Amino acid sequence: MIRFTALLFNFAVRVGPADREVWFRAMETEFQFIPAPQRLRFATGCLAAAVIWRIWTPDGVRRITQGGLVAACASLAGLITIHALLGTFGPLDPMMTVLGFTYAVGAAATARWGLRGMSAFALGGIALNTAFVSAWAGGLAEPPGFVRALSIEAYLILATFLGIAALAHALARRLGRAT
């Protein structure tokens with residue numbers, strides 16, 4: 001158990017940001033004098049502090065948000081494309097396949113250009129969705145309820161992605177000014 005707590009503490013030191021190195025060196029000195037039964041709690045607390053300090057930086061907020069948005073977009077792309085290829089959507093399968101690949105492009109744009117890539121993708125997606133619904137509504141045929149529901153769902157998903165990207169950007173800027 002003593003070896004495990006030492007490994008846990010050393011991991012905390014590696015995870016912690018460089019600007020907190022002095023604090024971790026002080027904790028390392030203190031660690032040597034802590035009774036063995038309390039070392040696990042101490043090492044776990046140091047690891048929690050290291051993770052929070054690592055994440056709660058402008059770069060940490062951007063990376064965590066970017067990773068989450070890429071995962072969400074890629075998951076949607078995979079689900080939609082698989083269902084379209086299986087024939088779940090019937091006559092709308094080709095359109096849904098394109099939608100699935102569009103979300104894949106959004107995931108790639110976010111992975112490559114971060115929150116700005118997601119913002120551009122979400123705004124472009126909202127514009128394309130509006131154009132699609134407007135073109136359909138401009139015709140004589142009323143879009144089927146399923147298409148209307150998918151359109152509303154796309155608006156909500158893209159607006160959520162855009163909101164998350166904007167909030168993460170604002171938080172990162174605020175954290176940048178605070179340091």
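Biologist: Thanks! What sort of model is this, and how are residues numbered?
Modeller: It is a predicted model, in which local features need pLDDT of at least 70 and side-chain atom pairs count only at pLDDT 80 or more, while totals for chains, interfaces and linings use all residues. Residues are numbered from 1 along each chain as its sequence is written, and side-chain values use heavy atoms, with hydrogens and water left out.

Biologist: Back to Asp 59, then. Which residue does Asp 59 form a salt bridge with?
Modeller: Its partner is Arg 63, and the closest N and O atoms are 3.1 Å apart. A salt bridge here is a side-chain nitrogen of Lys or Arg within 4 Å of a carboxyl oxygen of Asp or Glu.

Biologist: Where do Arg 63 and Asp 59 lie?
Modeller: Both are in helix H4, residues 58–85, and they sit 4 residues apart, about one turn of the helix. Helices are DSSP runs (H or I, at least four residues), numbered from the N terminus.

Biologist: And is Arg 63 buried or exposed?
Modeller: Arg 63 is exposed, with a relative accessible area of 59%.

Biologist: How many salt bridges are there in the whole structure?
Modeller: A search finds 3. Among them is a pairing of the Arg 25 and Glu 21 side chains, at 4.0 Å from N to O. Arg 25 also meets Glu 28, at 2.6 Å from N to O.

Biologist: What links Glu 21, Arg 25 and Glu 28, then?
Modeller: A network of salt bridges joins these three residues. Arg 25 and Glu 21 are 4 residues apart in helix H2, residues 21–31, which is about one turn of the helix. Glu 28 and Arg 25 are separated by about one helical turn because they are 3 residues apart in helix H2.

Biologist: How accessible are Glu 21, Arg 25 and Glu 28?
Modeller: Glu 21 is partly exposed at 45%. Arg 25 counts as partly exposed at 36%, and Glu 28 counts as partly exposed at 25%.

Biologist: Changing topic: how many disulfides does the structure hold?
Modeller: There are 0 disulfides, a disulfide being a pair of cysteine sulfur atoms within 2.5 Å.

Biologist: Are Cys 46 and Cys 73 buried or exposed?
Modeller: Cys 46 counts as buried at 3% relative accessibility, and Cys 73 counts as buried at 0%.

How values were computed: Helices (H or I, at least four residues) and strands (E, at least two) are DSSP runs, numbered from the N terminus. Buried means under 20% relative accessible area, exposed over 50%, partly exposed in between (1.4 Å probe, protein chains only).
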